[in-house]
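Here is a short briefing to read beside the structure. Keep the sequence in view as you go.

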Amino acid sequence: MNTIIISLLLTLALGLLSGLFLMISFKKFYVQEDPRVEMLLEALPGANCGACGYSGCVGYAEALAGGKETNAAKCGPGGQEVADKVAHIIGLDTVSIVKRVAKVMCNGTKENAVRRSDYDGVKSCRVADFTLKGDRGCVYGCLGFGDCVNVCQFGAMFMGDDGLPHIINEKCTACGKCVEACPHDLIELVPLDRKVFVFCKNLDRGPVAKSYCKVACIGCGLCVKQAPEGAMKLEKNLVIIVDAEKVDEVADKVVGVCPTKAIALDEKFAEVKTV
Amino acid sequence: MRPLIIFVAAAITNNFILTYFLGLCPFLGVSARVSSAIGMGFAATFVMTMTAIITNLVDHLILRPLHLEFLQMIVFIFVIAVLVQFVEMVIKKTSPSLYKALGIFLPLITTNCIVLGLALLGAMRNYNLIENTFFGFGAGVGFTIALLLISGIREELEVRDVPKALKGAPITLIIAGLMAFAFMGFSGIISLQ
């Protein structure tokens, strides 16, 4: 009994004394810090997603206050509102930013893409990719297990009934987590005002691609001829948009000629969306 | 002579990381760059030397007279935490450049098992104050040596063709095992318990 009381008293006394000691030394050794760091932290959303390229909101705030970072618009989740606030605190001109969102560059829905096998393994894109590149005919397309949906911490993604992930633009903060998660590099961060996209990453020759996917890019090059010189190019049987602004200007023409509808307007893709 | 023997034993023959396998977390985590390994090594050496002194005093002046040896673990980790907090404040005030150099490592090392292991081992072996100080300093130096060695190897590895499955942590663990083998060669040079 005695031992219990002594040890209780000892730890209690030790705790009180050290608490007091630390409190006094904190006052005595107080270091004035840049008050803007605190203000910036309040302005930033605190999601610590790392979209700005720093370890978290604290890292970004310190870099801004220390003068190492002069771009006030790096916060993806915050958007225009936070960019304005941050610019105001560190005394920069406000910058206008176009919101960017993630976009899945594959339209291989259950109807469009043929399955070549039954995959019965772990429900993960990464694992499926490792085991014979998944169950779909196209080895470049969406695997459909939603690794991207799982890493999204803003609830901006969901798996549609069509077997493809969909993005809710309003919730997407362009943090880039899903871009990293996709083993086939299908997700890109694009400005919200872009219109035309090539919803395909297939590099196989036309007939081969067509044999397993209705909406694959067959590399015919019809769209390249419609677009201004140098705005689009054909590379390894796949069309690549080089200058998005120029292509958007002739959006209807470019989209109209595509025999497989691999290249499409964003809205067209949005029609299959089912919440 | 005995303090010196304890120092060499703690640093090399009974290296904390490679023979006791304490402090493996920073050994794997902060060993990607030589520069950060040096920062971590210095911070750890500093904290461990201070820890060795203060825990020895607490042990001999408070716990043993009161026959409360069973409280060692709790009291030690508590004292270490307070000490590191205090030291951090002092360094922040007096030497901002040193504070920046040690950075996040200083508070991180507080709760590492290598520090607690050092305090408990010192108490178990009944070292006196001077012996324990050398023990702590030697353990810190040994930690720094091990960290420097592996970070040097890892920097070299970055440009080498490591099989994809072994990249990162796996190859580091394999290297750690081989280094532990190598350090076993030192055992027997100095025997001390």
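The notes below go from whole chains to single residues.

This is a predicted model: local features need pLDDT of at least 70, side-chain atom pairs count only at pLDDT 80 or more, and totals for chains, interfaces and linings use all residues. Residues are numbered from 1 along each chain as its sequence is written, while chains are lettered from A and ligands numbered from 1 in the order in which they are written.

**The two chains**

- Chain A has 12 helices and 8 strands. Helices (H or I, at least four residues) and strands (E, at least two) are DSSP runs, numbered from the N terminus.
- Chain B has 9 helices and 0 strands. Its pattern along the sequence is α-α-α-α-α-α-α-α-α.
- In chain A, 32% of the 275 residues count as buried. A residue is buried if 20 or more other C-beta atoms lie within 10 Å of its own, exposed if 12 or fewer, and partly exposed in between; C-beta atoms are placed from the backbone.
- In chain B, 38% of the 193 residues count as buried.
- Take the contacts in chain A with a separation of 6 or more: 57% of them involve residues 24 or more positions apart. Two residues are in contact if their C-beta atoms, placed from the backbone, lie within 7 Å.
- For chain B, among contacts between residues at least 6 apart in sequence, 82% join residues at least 24 apart.

**Where the chains meet**

- Chain A brings 11 residues to the contact, and chain B brings 13 residues.
- On the side of chain A that touches chain B, 7 residues are nonpolar, 4 are polar and none is charged. Ala, Val, Leu, Ile, Met, Phe, Trp, Tyr, Cys and Pro count as nonpolar, Asp, Glu, Lys and Arg as charged, and the others, Gly among them, as polar.

**Nonpolar cores**

- The largest nonpolar core has 67 residues, and Val198(A), Phe199(A), Cys200(A) and Ala216(A) touch the most other members. Such a core is a set of buried Ala, Val, Leu, Ile, Met, Phe, Trp, Tyr and Cys residues joined through C-beta atoms within 7 Å.
- Helix α3 (residues 57-65) of chain A gives the most to this core, with 5 residues.
- Domain 1 (35-90) and domain 2 (100-270) of chain A both contribute residues, so this core lies between them. The domain bounds come from an automatic or database domain assignment.
- A second, separate core has 48 residues, including Ile6(B), Phe7(B), Ile80(B) and Val82(B).
- Leaving out residues up to four places away in sequence, Val198(A) touches Met105(A), Cys217(A), Val239(A), Ile241(A), Ala262(A) and Ile263(A).

- Helix α4 (residues 79-90) has 12 residues and reaches 17 Å from its first C-alpha to its last, close to the 16 Å expected. The expected span is 1.5 Å times one less than the number of residues.
- Val82(A), Ala83(A) and Val86(A) are the buried residues of α4(A). They cover an arc of only 105 degrees around the axis, which puts them on the same side of α4(A). The arc is that of the directions from the helix axis to the C-beta atoms.
- The cover over these buried residues includes α2 and α3 of chain A.
- Ala43(A) lies in α2 (residues 35-43). Ala43(A) counts as buried, with 24 C-beta neighbours inside 10 Å.
- Beyond its neighbours within four places in sequence, Ala43(A) is in contact with Val82(A), Lys85(A), Val86(A) and Ile89(A).
- Gly91(A) follows α4(A) and has a positive phi, near 75 degrees.

- Thr172(B), Ala176(B) and Phe183(B) are buried in α9(B). These buried residues fall within an arc of 45 degrees, so they line one face of the helix.
- The buried residues of α9(B) pack against α2 (24-29) and α8 (129-157) of chain B.
- On the other side of α9(B), the exposed residues include Pro170(B), Ile174(B) and Phe181(B).
- In α1 (residues 2-13), the buried residues include Ile6(B) and Phe7(B). Part of what covers the buried residues of α1(B) is α8 of chain B.

**Positive phi in loops of chain A**

- Asp185(A) has a positive phi of about 50 degrees, although it is not a glycine. Asp185(A) sits in the loop between α7 (177-181) and β4 (187-191). Asp185(A) is exposed, with 11 other C-beta atoms within 10 Å.
- Lys236(A), also not a glycine, has a positive phi near 50 degrees. Lys236(A) is in the loop between β6 (232-235) and β7 (238-241).
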